[in-house]
Amino acid sequence: MNQPVAIYIHIPFCISKCGYCDFNSYAMRGEIVQRTVDAIKQEIRKSPWHGRPAKTIFFGGGTPTFLSKEQLVGILQTVLEFHPLTEDAEITSEANPGTADATKFEAMRKAGFNRLSIGAQSFLDSDLHRLGRAHRATEIVKAVEIAHSAGFDNLSLDLMFALPGQTIEAWGENLQRAMELEPQHLSLYCLTIEPDTPFARLAERGTLVQPEEQQQVDMYDLCDTVLNKAGLERYEISNFSREGRECQHNLCYWRGEEYLAYGPGAVGVTEQTNPTPQSRRIRYTNLKAPRAYCEAIENETDRWQESEILLDATLKIEKIMLGIRLTEGIDVKKLEIEPRNLDPLIQKGWVEVVQDRLRLTPQGRHFCNDVAAILI
Ligand code: SF4
């Protein structure tokens with residue numbers, strides 16, 4: 001089995017914890033950071049998937065650029081030792097503006113990183129402060145300048161909308177400010193209040209109020225107007241890019257392909273060594289807490305927190321749920337979608353079928369989850 005594959009590396013550290021965040025990330029310092037870096041490299045060295053070529057490598061987190069240049073480059077070099085790159089492989093790192101550093105970005109570029117995804121979130125300091133972000137708006141502009149000077153010509157920015165107190169005008173201003181930086185890609189996230197976060201507690205007390213639903217819909221729709229004018233097209237429900245600059249790594253997820261994963265809490269989906277007629281793949285999640293993960297790697301005990309055999313029927317459902325998010329849509333014939341299931345959706349104006357591909361209409365994008373639920 002030597003098919004090229006996507007590879008995800010999870011770096012679980014951040015400068016501080018944002019109020020809305022429920023990702024596997026920790027505001028930790030000291031020896032645990034280097035210990036985790038060493039454990040990730042060890043996990044890669046002991047991996048059963050040596051030799052699988054990497055078509056994409058994605059360092060996510062957490063904040064990968066929280067690490068020093070030596071730590072980041074060291075992990076990438078270890079990946080490359082065991083996973084040869086395909087031609088035109090995409091190598092991304094997430095980066096937070098507060099951690100942008102010229103020598104670090106230069107070393108990363110030299111080592112092979114060719115794409116940065118910068119967590120801008122907002123160009124208003126008041127929003128950033130409320131979100132608990134560790135950077136200020138001026139640092140976003142500086143981070144982009146540093147990235148360009150280091151030789152990165154493929155940059156993505158993350159922005160968040162539906163923030164407490166945010167108006168449609170302020171959101172429009174944010175989009176404009178992002179476009180002035182001429183990124184190749186933009187990811188847009190609607191703020192969701194996750195359980196057990198400080199934001200959830202504020203919302204329960206009634207001190208965190210998001211814009212009303214219609215305003216959120218208007219914010220979402222405004223993205224097309226502003227971004228299309230700037231030359232970016234929506235290729236996924238929350239992602240825009242210039243032509244040919246779609247995130248290749250995330251496309252692997254949405255297209256239901258395999259992906260390998262290393263690092264604390266990293267989730268991978270891969271072909272089983274002994275597939276059965278009903279199931280070919282397995283999903284695994286590494287131990288989430290950095291210390292527990294390090295101990296498992298160091299002691300060569302089981303590093304998986306959980307794993308799940310994915311029945312082909314489950315994979316089909318996931319392919320529909322993820323694939324319908326893409327502007328390219330899903331193959332109606334390959335996924336054996338019953339035409340009679342489509343009629344009510346077509347009548348509502350939520351989906352259309354073009355050359356056997358089923359995709360959401362602009363109106364249908366607001367009902368993506370409902371569409372997926374009906375289809376499956
Ligand atoms: S920077 Fe990202 S991963 Fe880190 S705490 Fe904030 S939202 Fe979570």
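**Exercise 1. How many disulfides does the count come to in this predicted model?**

Solution, step by step.

- Start with the bond itself: a disulfide is a covalent bond between the sulfur atoms of two cysteines.
- To be counted here, the two sulfur atoms must lie within 2.5 Å.
- Take Cys247: the nearest cysteine sulfur belongs to Cys252 and is 8.5 Å away, and Cys247 is in no disulfide.
- With 1% relative accessibility, Cys247 is buried.
- Now take Cys368: the nearest cysteine sulfur is that of Cys190, 13 Å away, and Cys368 is in no disulfide either.
- Cys368 is also buried, at 7% relative accessibility.
- By this rule, the count comes to 0 disulfides.

**Exercise 2. Describe how helices H6 and H8 pack, and say which residues meet.**

Solution, step by step.

- Find the two helices first: H6 covers residues 168–180 and H8 covers residues 213–229.
- Their axes are 10 Å apart, and the helices pack at an angle of about 30 degrees.
- The crossing of H6 past H8 is right-handed.
- On the H6 side, look for Ile168, Trp171, Gly172, Leu175, Gln176 and Met179.
- Their partners in H8 are Asp218, Met219, Leu222, Cys223, Val226 and Leu227.
- Sorted by class, this contact has 9 nonpolar, 2 polar and 1 charged residues.

**Exercise 3. Is Phe240 buried or exposed, and which residues does Phe240 touch?**

Solution, step by step.

- Locate Phe240 in strand E8.
- A residue counts as buried under 20% relative accessible area. Phe240 has 0%, so Phe240 is buried.
- Leave out residues up to four places away in sequence; the contacts of Phe240 then include Gln184, His185, Leu186, Leu188, Cys223 and Leu227.
- You met Cys223 in Exercise 2 as one of the H8 residues that meet H6. Along the chain, Cys223 and Phe240 are 17 residues apart, and their C-alpha atoms are separated by 9.0 Å.

**Exercise 4. Where is Arg242, and what does Arg242 touch?**

Solution, step by step.

- Arg242 sits in the loop between strand E8 (239–241) and helix H9 (248–254).
- At 23% relative accessibility, Arg242 is partly exposed.
- Again leaving out residues up to four places away in sequence, Arg242 touches Glu182, Pro183, Gln184, Ala230, Gly231 and Leu232.

**Exercise 5. Examine the backbone at Gly62, Asp196 and Gln355.**

Solution, step by step.

- The peptide bond from Gly61 to Gly62 is cis, with omega near 15 degrees.
- Gly62 belongs to the loop between strand E2 (54–61) and helix H2 (69–82).
- Asp196 is not a glycine, yet its phi is positive, near 60 degrees. Asp196 lies in the loop between strand E6 (185–190) and helix H7 (198–205), and is exposed at 71% relative accessibility.
- Gln355 also has a positive phi, near 45 degrees. Look for Gln355 in the loop between strand E14 (351–354) and strand E15 (357–360); with a relative accessible area of 75%, Gln355 is exposed.

**Exercise 6. Which residues are around the ligand?**

Solution, step by step.

- Among them are Cys14, Ser16, Lys17, Cys18, Tyr20 and Cys21.
- Divide the shell by class, and you get 5 nonpolar, 5 polar and 2 charged residues.

Definitions and conventions. Residues are numbered from 1 along each chain as its sequence is written. This is a predicted model: local features need pLDDT of at least 70, side-chain atom pairs count only at pLDDT 80 or more; totals for chains, interfaces and linings use all residues. Side-chain values use heavy atoms; hydrogens and water are left out. Axes are lines fitted to C-alpha atoms, for helices over the stretch in contact, and angles run from 0 to 180 degrees between N-to-C directions. Helices (H or I, at least four residues) and strands (E, at least two) are DSSP runs, numbered from the N terminus. A crossing is left-handed if the near helix is turned anticlockwise from the far one by less than a right angle, and right-handed if clockwise. Contact means heavy atoms within 4.5 Å. Ala, Val, Leu, Ile, Met, Phe, Trp, Tyr, Cys and Pro count as nonpolar, Asp, Glu, Lys and Arg as charged, and the others, Gly among them, as polar. A residue is near a molecule or strand if one of its heavy atoms lies within 4 Å of it. Buried means under 20% relative accessible area, exposed over 50%, partly exposed in between (1.4 Å probe, protein chains only).
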